[in-house]
Amino acid sequence: MYDLIIVGSGPAGLAAAIYATRAKLNFVVLEQNFMSGGQVVDTYEVDNYPGLPGISGMDLAMKMREHAENLGAEFRIAEVTSLDLAGDVKKVVAEGETYETKTVILAMGAKHSHLGVPGEEHLAGRGVSYCATCDGAFYKGAEVAVVGGGDVAVEDAIFLSRIASKVYVIHRRDELRAARVLQDQLLSLPNVEMLWSHTVTSIEGEGNVGALKLENKKDGSHKTVHVRGVFIAVGIRPTSNLVAGQLAMDEGGYVLAGEDCETSIPGVFAAGDLRKKQLRQIITACGDGANAVTSVQRYLTEH
Ligand code: NAP
């Protein structure tokens, strides 16, 4: 019987693991992938994590993982397939094995949203990508497009502008959502063309992506841009399907929990991008990990 099982090893899960070792809890981290870090691993450069300016996402993820491991945290690569959270003993099933635990921290994070337009699924991996840092290098000297107007879209476009000959940024509004410092950087780049107030209606191509069909939301006109790659960065959706029906969530599938990370079930805590909150960044995910372990300790003392 564990004191705690942490599901997920992005920044929230890794911070929770660091705090749990220092609290001397009997716990294990179950992670889906060989590589810890969650979405951070897909980030080329992280420039707003205090004390580590300009660190690559991969390096930051590895440092966090090493930190937890050096303190004695145990990690297992085991995909969780079901969770039974009711009752004092929670059951977590992963790779056919059932783990029993007094508390659970859910830190499964979020995944990329899709556009849902014709051609997107069919051409995925053949010009359609959700990770510029993973796939950008294939587009040296080519024309590419980025869809979206948030931090990820703008960071991706800046990154791709160093590789591709031209980057179109297709955004559905005439104002970006990304941080101002990123916007200023993007708009100063000579090989970036903004396609404001446009949406993608289809992704075209036989074997590989060849073009995008766009609609201008302001005047209803249509146009085609010829690109070899399209990077879709239209936000994230929470990985909460495993706990759907068990925990209170909002309409977007984010788990309802306050700063103390307490969910609607005693002994179950939600940390990181999975939780309904104002700001989803590495620093807030780490803060959740720390808060969740503090709540776990309080729960264990009281029960
Ligand atoms: P986001 O901030 O939610 O932005 C998503 C963008 O995609 C928005 O511009 C949105 O348009 C657009 N969009 C959504 N659905 C669309 C659709 N169906 N068709 C066309 N466009 C669509 O998501 P994100 O950029 O992936 O970032 C996710 C989270 O990670 C955010 O909280 C972000 O701040 C955080 N993040 C932080 C850092 C960092 O701290 N360095 C780096 C990257 C990401 P509208 O603007 O019109 O809604």
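## Close-up views of a predicted model

**View 1. Strand β2 is mostly covered.** All five of the five residues of strand β2 (residues 27-31) are buried. Buried means under 20% relative accessible area, exposed over 50%, and partly exposed in between (1.4 Å probe, protein chains only). Helices (H or I, at least four residues) and strands (E, at least two) are DSSP runs, numbered from the N terminus. This is a predicted model: local features need pLDDT of at least 70, side-chain atom pairs count only at pLDDT 80 or more, and totals for chains, interfaces and linings use all residues. Residues are numbered from 1 along each chain as its sequence is written, and side-chain values use heavy atoms, with hydrogens and water left out. In a regular strand the side chains alternate between the two faces of the sheet. Both faces of β2 are covered. Phe27, Val29 and Glu31 are buried on one side, Val28 and Leu30 on the other.

View 2. Two strands pair if DSSP finds at least two bridges between them. Strand β1 (residues 2-7) runs parallel to β2, joined by four bridges. Ile6 has Val29 as its bridge partner in β2. Strand β3 (residues 75-77) also runs parallel to β2, with three bridges. There, Val29 is partnered by Phe75 of β3.

View 3. β1, helix α1 (residues 11-22) and β2 form a right-handed β-α-β unit. From β2 the chain crosses through helix α2 (residues 57-70) to β3, again as a right-handed β-α-β crossover. Right-handed means that, with the strands pointing away from the viewer, the path from the first strand over the helix to the second runs clockwise.

View 4. Lys24 is not a glycine, yet its phi is positive, about 60°. Lys24 sits in the loop between α1 and β2. Its relative accessible area is 74%, so Lys24 is exposed. Glu95, also a residue other than glycine, has a positive phi near 50°. The loop between β5 (90-94) and β6 (97-106) holds Glu95. Glu95 counts as exposed, at 57% relative accessibility.

**View 5. Helix α4 is largely enclosed.** Eight of the 11 residues of α4 are buried, so the rest of the structure largely encloses this helix. Among the buried residues are Ala153, Asp156, Phe159, Leu160 and Ser161. Their cover includes α3 (132-135), β9 (143-147), β10 (166-170), α5, β11 (192-195) and β15 (229-232).

**View 6. α4 crosses α5.** The axes of helix α4 (residues 151-161) and helix α5 (residues 180-187) come within 10 Å and cross at roughly 35°. Axes are lines fitted to C-alpha atoms, for helices over the stretch in contact, and angles run from 0 to 180 degrees between N-to-C directions. The contact (heavy atoms within 4.5 Å) involves Asp151, Val154, Glu155, Ala157 and Ile158 of α4. From α5 come Leu182, Gln183, Gln185 and Leu186.

**View 7. β12, β13 and β14 form an open sheet.** The order is β12-β13-β14, with antiparallel pairing. β12 (198-204) and β14 (222-226) stand at the edges with a single partner strand each, so one side of each lacks a neighbour in the sheet. Neighbouring strands are turned by 30° against each other on average, direction ignored. Six bridges pair β12 with strand β13 (residues 211-216). Ser202 stands opposite Lys213 in β13.
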